Amino acid sequence: MAHPGDRAADHSTGQSAEQNSDESRSGKHRSGYVAIIGRPNAGKSTLMNRLLGSKISITTPKPQTTRHQIIGIHSDEDSQIIFLDTPGVLTPKYELQSAMMRFVERAKNDADIILLIVDATDSRKPAQVVSLLESVTVPVFLLINKMDQADRGRAEAIARDIQQKLNIHQTCYISALTGEGLPELLLAIKELLPPGPPYYPKEQLSEQPMRFFAAELIREQIFLLFHEEIPYSCTVEVTLYEEREEMDYISADVIVNRKSQKGMLIGKGGRAIKELGTRSREVIEEFAGRKIFLDLHVKVREKWREKENWVRNLGYR
Ligand SMILES: Nc1nc2c(ncn2[C@@H]2O[C@H](COP(=O)(O)OP(=O)(O)OP(=O)(O)O)[C@@H](O)[C@H]2O)c(=O)[nH]1
Ligand SMILES: [Mg+2]
């Protein structure tokens, strides 16, 4: 298991142990990595956002929304929890999905605590997630999610089934959407964290740069606006992010997997790309808290999802 310090040392702001508070010096401060792992669409990103009280990770009703490991930092006086949101566990069919599963594996190996999250309204058993977690030695919380919609009896049956297969530290019935059960979950996590200093400045919420969030927010809008294979065939590359006095200037490419998809993204008379641009600009403005000029282009990279060098170069590494 990697020590949290290993990663904090790479962190772009370079601030870590020297920022220790009185609590950490006196040995009372706690900190650690908490990986959120589950099937696609279980509610992992919704959970992290709700726990942080901020939208750090994109969420949509479609599975396979998250493709990276996204860090979300929860700090208070005497603790710092570094949540790792991850892509949903699946059997990879192409290189992009293999890269996604490497993020899950990395988060699992780095974690001090694992949150296994299950959608209680989903009738499919999370067999693959269970087998992924069979060998872990850190405490695993079982989170039975979507309790605002699920039947209690069925939710308890799901929990019993998983408890028979895995060593579960604690089971919590939650709703990531409404926040039900989350204050209790946070307390239980804090109690289990190892003693340690804050690794990030206490006011910091994440570590990716603005251009990453801009690309993610555009990808979120693609998931919401387009259907069938399009969301799964696209990625977004921010080629320029310039902070200007009156507004930030962003130039971004939407990259498609096949030539025939370019037309679908652009739409009749450019209507689809215009709509995508407007919606993306609005959500990026909300996230950044400032005015944005967004210049969007569509580019074809034939079969990029299947090619390791493209997948890596487009940021999935
Ligand atoms: N009713 C209900 N819906 C939820 C809850 N949590 C998440 N959702 C919904 O479930 C869908 C998927 O949520 P995400 O947070 O994107 O799920 P995820 O596990 O991150 O999905 P991937 O990134 O695709 O693996 C969204 O439409 C959420 O609004 C919940 O507690 N109750
Ligand atoms: Mg997600």
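**View 1. The buried side of helix 6.** Three residues of helix 6 are buried: Ala155, Ile158 and Ile162. Look down the helix axis and these buried residues fall within an arc of 60 degrees, so they line one face of helix 6. An α-helix has 3.6 residues a turn, so residues three or four places apart point the same way. Keep in mind that what you're looking at is a predicted model.

**View 2. Helix 6 from end to end.** Helix 6 runs over residues 152–165, which makes 14 residues. From its first C-alpha to its last, helix 6 reaches 20 Å, close to the 20 Å expected at 1.5 Å a residue.

**View 3. The other side of helix 6.** Over here you'll find the exposed residues Arg152, Gly153, Ala157, Arg160, Gln163 and Gln164.

**View 4. Ser135 in its loop.** Ser135 sits in the loop between helix 5 and strand 5. Is Ser135 buried or exposed? Ser135 counts as exposed because it has 7 C-beta neighbours inside 10 Å, and the cut-off for exposed is 12 or fewer. Ser135 and Asn167 are 32 residues apart along the chain, and their C-alpha atoms are separated by 9.8 Å.

View 5. The protein chain averages a pLDDT of 93, and 92% of the residues score at least 70. Over residues 1–21, though, the pLDDT is below 50. Beyond near neighbours in sequence, that stretch has 31 contacts in the model.

Terms used: Residues are numbered from 1 along each chain as its sequence is written. Chains are lettered from A and ligands numbered from 1 in the order in which they are written. This is a predicted model: local features need pLDDT of at least 70, side-chain atom pairs count only at pLDDT 80 or more; totals for chains, interfaces and linings use all residues. Helices (H or I, at least four residues) and strands (E, at least two) are DSSP runs, numbered from the N terminus. The expected span of a helix is 1.5 Å times one less than its number of residues. A residue is buried if 20 or more other C-beta atoms lie within 10 Å of its own, exposed if 12 or fewer, and partly exposed in between; C-beta atoms are placed from the backbone. The arc is that of the directions from the helix axis to the C-beta atoms. pLDDT is the predictor's confidence in each residue, from 0 to 100. Two residues are in contact if their C-beta atoms, placed from the backbone, lie within 7 Å.
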